[in-house]
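Open the model in your viewer and have the selection tool ready.

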Amino acid sequence: MSCRRFFSIPVLLVILVMGFVYYVTLFVFIDDWVGLQSSAGKLNALLFSLLASLCLFSLSICVLVDPGRVPASYAPDVEDSGWSNSNVTETRKCDKCFAYKPLRTHHCRVCRRCVLKMDHHCLWINNCVGYANYKAFFILVFYATVASIYSTVLLVCCAFKNGDSYAGNVPLKTFIVSCGIFMIGLSITLGTLLCWHIYLITHNMTTIEHYDSKRASWLARKSGQSYRHQFDVGFYKNLTSVLGPNMIKWLCPTFTRNPEDGISFSASRDS
């Protein structure tokens, strides 16, 4: 873990946005709607504070946890049919690290090393998203999406109740409208990202693999065949490979151990 990753402008900007959304939701939207001292106000403040805490906790894990390093002792199994061809062996050797890399491992130019089951390098967490922190990244996007939609709903409730009073106060009206535009934009952006990663998880793909599979899919269609990603082992198994076998812990951002170790993976029988 490296706390120095927090000292990055994009990461600090994310924390600043979290703080801003938390402040205006509690002390503007909820307070102006039902009042923070009311039972409804306290309940909404408690729920939103819980979501904000989970977002911050998930972000910390994404930033601090190493996404997955290739063991120094790693070497391909020469008896494995997947490594039987010398040309294949060469393609699985990183030309920058000069070491063998397992399947689904890619070299990150920013981190300057190979990352297990690399999805992408994320500027907003100043870290790669890979085998060990992909679940935390997904849960962060999930909680952030729920929180932004929740905040938007509270803003709308507040605006409907106090619409007449805002009409005579131009600065406050401008602030509320600006917040509305910002929250709707944030909700759409995060919601789109969440849907994208739900698609990837249910197909057991990484972002890199999705773009790499486009050519394979095109060639399969051209030859009249159906294409299926080689690591797609079925909807439920795909989910548990990322979120873990225990459904109770699915929404917990901490890493869940599973049979896949980041080096070897179950493959589809059709591949």
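Start with the lining of the second largest cavity, whose residues divide into five nonpolar, two polar and two charged in this predicted model. To see that lining, select Lys 117, Asp 119, Tyr 134, Leu 200, Ile 201, Asn 204, Met 205, Thr 206 and Val 242. Lys and Asp count as charged, so Lys 117 and Asp 119 are the two charged residues in the lining. Asn 204 and Thr 206 belong to the polar group.

How much space lies in the second largest cavity? The volume is about 60 Å³. The count of cavities of 30 Å³ or more comes to two.

Next, select Arg 112. Arg 112 sits in the loop that runs between β1 (106-108) and β2 (113-115). Check its backbone: phi is positive, about 60°, although Arg 112 is not a glycine. Is the residue buried or exposed? Arg 112 has a relative accessible area of 70%, and exposed means over 50%, so Arg 112 is exposed.

Now move on to Asn 126. This residue is placed in the loop between β3 (120-122) and β4 (127-129). Asn 126 is not a glycine either, yet has a positive phi of about 50°. Its relative accessibility is 27%.

Conventions
Residues numbered from 1 in each chain as written. Predicted model: local features only at pLDDT ≥ 70, side-chain atom pairs only at ≥ 80, totals over all residues. Heavy atoms only, no water. Helix = DSSP H or I, 4+ residues; strand = E, 2+ residues; numbered from the N terminus. Buried < 20%, exposed > 50% of the residue type's maximum accessible area, 1.4 Å probe, protein only. 1 Å grid on protein atoms, 1.4 Å probe; cavity = no way out; pocket = protein on both sides within 12 Å on 5 of 7 lines; lining within 4 Å. Points joined across faces, edges and corners; volume = space filled by probe spheres on them.
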